[in-house]
Each structure stands twice: as C-alpha cells, then as structure tokens.
Amino acid sequence: ALSGKGKAYQSALEKFRQTLLDAIGANGAAKGDTIDFVLTGRSSNEISVGVNGKSFGSIKNAELRQKLVKIYVGAKSVAPELVDILKKTYWARQLW
C-alpha cells in the first residue's frame, strides 16, 4: 500500500518508518496506546507522527501523505467508519 519508486518518496517512507519505530519503542505499541498521524492541510504535505499525545517528528512528502490517507479513507479502507466521520468534520471544513 505504501510502495513507490522515486528517491524522494523512498527517503520519506524510510523517515516515516524510523519515526514510527522510534515512537512505539523497541517493544512495539502496547494495548491502549494511541498512534497519531496528523495531516496538516493539503498544501503542506506534512505527516506528523505521535504516540499517546507526544509528537515524535514529521515527514513532508505529497506522495506518502496521499498513500497514507488512502489506507484510511480509500476504496479499501482499513477503517470504513472513518470516512463518514471525516465527511462530517474535516471535509466539511475543506481541510482535505
């Protein structure tokens, strides 16, 4: 789902992977942990990564951001109910 070929994309994907691994730690996410991916508006192309309310870094890449969004709100969403929630909140305010 996150595959891509360009050097900039691959670099961003590696930074995203490392940031997420640093955030969840050596033992991985624990039951009850909240992992946050914050998307800060269309034009910034930024993805911030956090765990349990603590920010661990951000990655700026349009392709990675688009692919991550599709995982959650695309045709094969891992969380179909999220589409309805976003339509009522974020999309209604045109942040997407």
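Let me start with a quick one: is Arg17 buried, partly exposed or exposed? Arg17 is partly exposed, with a relative accessible area of 39%. For the cut-offs, buried means under 20% relative accessible area, exposed means over 50%, and partly exposed is in between, with a 1.4 Å probe and protein chains only.

Before going on, some housekeeping. This is a predicted model, where local features need pLDDT of at least 70 and side-chain atom pairs count only at pLDDT 80 or more, while totals for chains, interfaces and linings use all residues. Residues are numbered from 1 along each chain as its sequence is written, and side-chain values use heavy atoms, leaving out hydrogens and water.

Now the layout. The protein has three helices and three strands, and along the sequence they follow the pattern α-β-β-β-α-α. Those are DSSP runs numbered from the N terminus: helices are H or I with at least four residues, strands are E with at least two. Of the 96 residues in the protein, 28% are buried.

The three strands make an open sheet in the order 1-2-3, with antiparallel pairing; two strands pair if DSSP finds at least two bridges between them. Strand 1 (35–39) and strand 3 (54–60) are at the edges with a single partner strand each, so one side of each is left without a neighbour in the sheet. On average, neighbouring strands are turned by 20° against each other, direction ignored.

Asn45, in the loop between strand 1 and strand 2, has a phi near 55°, which is positive in a residue other than glycine. Asn52 sits in the loop between strand 2 and strand 3, and its phi is also positive, about 55°, though it is not a glycine. Both are partly exposed: Asn45 at 24% relative accessibility, Asn52 at 45%.

So what lies across the sheet strands? Helix 1, residues 7–24, lies across strand 1, strand 2 and strand 3, and runs at about 175° to strand 3. Here axes are lines fitted to C-alpha atoms, for helices over the stretch in contact, and angles run from 0 to 180 degrees between N-to-C directions. Contact means heavy atoms within 4.5 Å.

Which residues of helix 1 are buried? Tyr9, Ala12, Leu13, Phe16, Thr19 and Ala23 are. They cover an arc of only 130° around the axis, which puts them on the same side of helix 1; that arc is taken from the directions from the helix axis to the C-beta atoms. Their cover includes strand 1, strand 2, strand 3 and helix 2 (62–73). Just after helix 1, Gly25 takes a positive phi of about 80°.

Back to Arg17, then. Arg17 forms a salt bridge with Glu14, with the closest N and O atoms 2.8 Å apart. A salt bridge here is a side-chain nitrogen of Lys or Arg within 4 Å of a carboxyl oxygen of Asp or Glu. Glu14 and Arg17 are three residues apart in helix 1, about one turn, and Glu14 is partly exposed at 38%.

The whole structure has two salt bridges. Lys67 and Glu63 form one of them, with their closest N and O atoms 3.3 Å apart. Lys67 and Glu63 are four residues apart in helix 2, so about one helical turn separates them.
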